[in-house]
Amino acid sequence: FDSLRFRACFLRRGSAAIGMGARVSKATSCCCLRGQLHGSTRLDDPGSEEDEQGEAYELPAFQEYTFEQLRLATAGFAVENIVSEHGEKAPNVVYKGKLDAQRRIAVKRFNRSAWPDPRQFLEEAKSVGQLRSKRLANLLGCCCEGDERLLVAEYMPNDTLAKHLFHWETQAMKWPMRLRVVLYLAEALEYCTSKGRALYHDLNAYRVLFDDDCNPRLSCFGLMKNSRDGKSYSTNLAFTPPEYMRTG
């Protein structure tokens with residue numbers, strides 16, 4: 001499909017379908033912990049929500065953290081705080097943590113061969129860090145000290161879409177929630193495109209996370225380029241706007 005045409009068609013039809021009764025009760029709508037599907041919000045027309053993506057989303061401004069701050073926040077990058085789907089075997093490990101024992105964060109720690117140019121890393125992180133949307137797991141900051149390269153994002157406590165689609169325990173994800181995932185994902189990509197970040201790298205089910213209210217969000221980590229060898233920055237353009245394909 002031409003993705004723009006598909007997105008427009010989906011948003012029209014999806015919103016109509018939602019408005020005509022594809023609502024999910026608080027007891028059955030959302031993906032939550034322990035592999036259960038629970039609801040925390042109605043699946044209404046997205047335009048009626050207080051947290052509609054177009055509204056301002058208040059978060060702290062992007063900032064640089066020290067390595068010591070993030071070490072303390074993650075209890076010394078403790079194994080029990082790893083939230084990466086592949087654990088310690090992941091090339092870049094993600095940890096959960098708390099800043100000043102309050103704000104929950106996700107900390108992505110790159111391997112030491114990634115991002116050898118600190119200037120390039122900081123420029124890329126600061127650019128992504130300007131985005132603020134309730135459809136994203138937003139980037140809050142970064143750390144660039146010595147060989148260390150870390151990203152700090154909002155923590156999403158209710159696992160990934162991959163887990164709920166492929167590794168559920170008792171009940172598969174309900175179709176209304178699948179519809180919500182696709183709609184919110186389309187809105188997240190549309191927002192990123194409107195802010196000049198049209199390319200999303202390696203778009204997959206592991207990049208969609210569920211927040212405290214079990215609403216799906218797109219990980220900001222996928223907006224960063226991927227480094228395979230620390231020198232070349234390649235990408236798997238799973239999502240590319242058609243205008244980019246035509247004009248670059």
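Predicted model: local features only at pLDDT ≥ 70, side-chain atom pairs only at ≥ 80, totals over all residues.
Me: In what order do the five strands of the open sheet run?
Reply: The order is E3-E7-E8-E5-E4, with mixed pairing. Strands (E, at least two residues) and helices (H or I, at least four) are DSSP runs numbered from the N terminus, and two strands pair if DSSP finds at least two bridges between them.

Me: Which strands stand at the edges there?
Reply: Strand E3 (63-64) and strand E4 (93-99) do; each has a single partner strand, so one side of each lacks a neighbour in the sheet.

Me: How many bridges join E4 and E5?
Reply: Seven bridges, in the antiparallel sense, link E4 to strand E5 (residues 103-109). Tyr 95 stands opposite Val 107 in E5, and Val 94 has Lys 108 as its bridge partner. The hairpin of E4 and E5 has three residues between the strands, and Asp 100 takes a positive phi near 55 degrees there.

Me: Is Lys 108 buried or exposed?
Reply: Lys 108, which lies in strand E5, is buried, with a relative accessible area of 10%. Buried means under 20% relative accessible area, exposed over 50%, and partly exposed in between (1.4 Å probe, protein chains only).

Me: Which residues is Lys 108 in contact with?
Reply: Leaving aside neighbours within four places in sequence, its contacts (heavy atoms within 4.5 Å) include Asn 92, Val 93, Arg 149, Leu 151, Arg 207 and Phe 221.

Me: And how many residues of E4 are buried?
Reply: Five of the seven residues of E4 are buried, so E4 is largely enclosed by the rest of the structure.

Me: Which helix lies across E3, E7 and E8?
Reply: Helix H3 (residues 118-128) lies across E3, strand E7 (139-145) and strand E8 (148-154), at about 170 degrees to E7. Such angles run from 0 to 180 degrees between N-to-C directions, with axes fitted as lines to C-alpha atoms, for helices over the stretch in contact.

Me: How many residues are in the largest nonpolar core?
Reply: It has 28 residues, and Phe 121, Leu 139 and Leu 151 have the most contacts inside it. H3, E7, E8 and helix H5 (175-194) each supply at least two of its residues. Apart from it lies another core, of 17 residues, among them Phe 67 and Val 152. A nonpolar core is a set of buried Ala, Val, Leu, Ile, Met, Phe, Trp, Tyr and Cys residues joined through side-chain atoms within 4.5 Å.

Me: Changing topic, where is Trp 115 found?
Reply: Trp 115 is in the loop between E5 and H3, and at 1% relative accessibility it counts as buried. Its phi is near 50 degrees, a positive value in a residue other than glycine.

Me: What about Ala 75: buried or exposed?
Reply: Ala 75 is exposed, with a relative accessible area of 52%. Its place is in the loop between helix H2 (67-73) and E4, and its phi is near 55 degrees, also positive.

Me: Finally, in what order do the three strands of the other open sheet run?
Reply: They run in the order E6-E10-E9, with mixed pairing. E9 and strand E10 (residues 216-219) pair in the antiparallel sense over three bridges, and H5 lies across E6, E9 and E10 at about 40 degrees to E10.

Notes
Residues numbered from 1 in each chain as written. Heavy atoms only, no water.
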